[in-house]
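Visitor: I have a model open and would like to talk through some of its side-chain contacts. Could we start with the charged groups and then move on to strands and rings?

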Amino acid sequence: MPFSVQPLSVCPLTPPLPTVVPEARAGHSATTVDNADIYIFGGYLGGVGFLNDLYKLSTKSEVWLKPRCGGDPPAGRLQHTMEHYDGNLILFGGTGNKMVFNDIARYLGVSCCSGRHIPLSLSLPLFASARL
């Protein structure tokens with residue numbers, strides 16, 4: 001059965017908070033930007049639950065930063081995908097809190113480029129075996 005992917009949120013990034021090291025986690029996503037920075041999002045932390053935080057590791061300075069989102073962040077999740085595209089971080093899907101997500105979030109302005117709308121026209125199979 002085909003389904004459509006609905007945008008979740010658009011989050012412009014503002015200057016990061018001072019150095020903060022992320023907690024150990026499982027099921028998070030990670031992607032590189034311009035071969036210089038690594039971003040991680042979400043995952044699961046025992047005793048806390050599903051996470052919806054974003055961290056940046058500068059590989060040049062070896063310092064962790066926590067970018068701040070100007071809009072509503074995506075819901076906490078794990079087993080999702082995140083990619084860097086045209087100066088933005090694009091987050092798709094995942095699972096969390098007895099839900100299977102079929103959404104997209106976009107973090108704007110990760111590098112020097114400004115964000116733009118990414119048209120989506122997807123027809124993907126729905127996996128009936130996806131249960132939590």
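Visitor: Is Asp103 buried or exposed, going by relative accessibility?

Guide: Asp103 counts as buried, because its relative accessibility is 9%, where buried means under 20% relative accessible area, exposed over 50% and partly exposed in between, with a 1.4 Å probe and protein chains only. Please keep in mind that this is a predicted model, in which local features need pLDDT of at least 70 and side-chain atom pairs count only at pLDDT 80 or more, while totals for chains, interfaces and linings use all residues. Residues are numbered from 1 along each chain as its sequence is written, and side-chain values use heavy atoms, with hydrogens and water left out.

Visitor: Which side chain meets Asp103 in a salt bridge?

Guide: That is Arg77, at 2.7 Å from N to O; a salt bridge here is a side-chain nitrogen of Lys or Arg within 4 Å of a carboxyl oxygen of Asp or Glu. Asp103 lies in strand E8 and Arg77 in the loop between strand E5 (63–69) and strand E6 (81–85), so the pair ties together parts that are 26 residues apart in sequence. Strands are DSSP runs (E, at least two residues), numbered from the N terminus. Arg77 is itself buried, with a relative accessible area of 1%.

Visitor: Which ring does the charged end of Arg77 sit over?

Guide: The ring is that of Phe101, whose centre is 4.0 Å from the charged end of Arg77; the criterion asks for NZ of Lys or CZ of Arg within 6 Å of the ring centre and within 35 degrees of the ring normal.

Visitor: And what stands opposite Phe101?

Guide: Gly94 stands opposite Phe101, which is in E8. Strand E7 (residues 88–96) and strand E8 (residues 99–108) run antiparallel and are joined by 7 bridges, strands being paired if DSSP finds at least two bridges between them. The two form a hairpin with 2 residues between them, and Asn97 in its turn has a positive phi of about 50 degrees.

Visitor: Back to charges: how many salt bridges does the structure hold?

Guide: There are 4 salt bridges, and one of them joins the side chains of Asp53 and Arg25 at 2.7 Å, N to O. Asp53 is in strand E4 and Arg25 in the loop between strand E1 (6–17) and E2, so this pair ties together parts 28 residues apart in sequence. Asp53 is buried at 11% relative accessible area, and Arg25 counts as buried at 14% relative accessibility. Glu23 is linked with Arg25 and Asp53 in a network of salt bridges.

Visitor: What about Lys56, which side chain does it meet?

Guide: Lys56 meets Asp37 in a salt bridge of 3.7 Å, N to O. This pair links distant parts of the chain, with Lys56 in strand E4 and Asp37 in strand E3, 19 residues apart, and both residues are buried.

Visitor: Changing topic, how many aromatic pairs are there?

Guide: The structure holds 3 aromatic pairs, meaning rings of Phe, Tyr and Trp (its six-membered ring) with centres within 6.5 Å, where planes under 30 degrees apart count as stacked, over 60 as edge-to-face and the rest as tilted. Among them, Tyr44 and Phe50 have ring centres 5.1 Å apart and planes at 65 degrees, so the pair is edge-to-face. Tyr55 and Trp64 also form an edge-to-face pair, at 6.4 Å centre to centre with 85 degrees between the planes. Tyr55 counts as buried, at 3% relative accessibility, whereas Tyr44 counts as partly exposed at 35%.

Terms used
Helices (H or I, at least four residues) and strands (E, at least two) are DSSP runs, numbered from the N terminus.
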